[in-house]
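Hi everyone, thanks for coming. I'd like to walk you through a structure that may be new to you, so let's have a look together.

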Amino acid sequence: MKQLLYIFTIVTITNTAYGDDGQGWPSVCPHIISRTRWGARPAHAVDYAIIPIQNVVIHHTVTRDCNTEEECAELLKEIQNFHLDILEFHDIGYNFLIGGDGNVYEGAGWHKVGAHTRGYNSRSIGISFTGNFSDKLPNRKMLKALKKFLACAVELGELDGKYKLFGARQVSATASPGTRFYNELKNNWPHFTLDP
Ligand SMILES: *[C@@H]1O[C@H](CO)[C@@H](O)[C@H](O)[C@H]1NC(C)=O
């Protein structure tokens, strides 16, 4: 246990050293909009996950779209309020979100236990795309952001290089991340697995 705490501490310090502005981050990393920047409320509780994490679960928010940082920040605040106040989660449920503006937004964040996929929260990174992707694909900027984010997560040692990627619908009673987007992941994304 002592050793685990030690690892968590190092990771935390390392991430802190990168700062909010992304300076000093590995070049594969996308710019990530911090909680402070989008105006998140503090988490009610924080649980740490053991890294490197083995799984990535993709979701959609099933909300309106957002297309600018301002719109996405507003939407994320509503989602966080819903998760904290109505669902009584400990924080916004997803570890990260990808906005229609092509930005990656920090949710619960790195090596934290989210609240997005029962049974998988402590061993996956949950990433949610803003919008409803039943009948349409996320735009190119969003897909590019996911690709960069995954490469970055591996580079940082947060995500195992042999990670499995799958849709929330494969492991829980939901249509998420939407049929059209799910088919895209299934047909075209490396690391996708039919066997989560
Ligand atoms: C998501 O989009 C599909 C297809 O347009 C629609 O049938 C469904 O009602 C939408 N879901 C929500 C919760 O709005």
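Here's something to start with: how far does a polar side-chain atom of Asp-135 lie from an oxygen atom of the ligand? In this predicted model, the distance is 3.2 Å. Asn-132 also has a polar side-chain atom facing a ligand oxygen in our list of distances, and that one is 2.3 Å. Around the ligand you'll find Val-62 and Ser-134 as well as those two residues. Sorted by class, that shell has 1 nonpolar, 2 polar and 1 charged residues. On its own the ligand exposes 360 Å², and the protein buries 34% of that.

Now let's turn to helix α3, which runs over residues 69–86. Its 18 residues reach 25 Å from the first C-alpha to the last, close to the expected 26 Å. Several of its residues are buried, including Cys-72, Leu-76, Ile-79 and His-83. Looking down the axis of α3, the buried residues fall within an arc of 165°, so they line one face of the helix.

Next comes helix α4, residues 140–155. It has 16 residues and spans 23 Å between its first and last C-alpha, close to the 22 Å expected. At its start, a side-chain oxygen of Asn-139 comes within 3.1 Å of the backbone nitrogen of Lys-141. Among the buried residues of α4 are Met-142, Leu-146, Phe-149 and Ala-153. After the helix comes Gly-157, with a positive phi near 80°.

Technical notes:
Residues numbered from 1 in each chain as written. Predicted model: local features only at pLDDT ≥ 70, side-chain atom pairs only at ≥ 80, totals over all residues. Heavy atoms only, no water. Near = heavy atom within 4 Å. Polar contact = N/O pair within 3.5 Å; in protein donor to acceptor, adjacent residues only side chain to side chain. Areas by Shrake-Rupley, 256 points an atom, 1.4 Å probe, with all protein chains shown as cover. Nonpolar A, V, L, I, M, F, W, Y, C, P; charged D, E, K, R; others polar. Helix = DSSP H or I, 4+ residues; strand = E, 2+ residues; numbered from the N terminus. Expected span 1.5 Å × (residues − 1). Buried < 20%, exposed > 50% of the residue type's maximum accessible area, 1.4 Å probe, protein only. Arc of directions from axis to C-beta.
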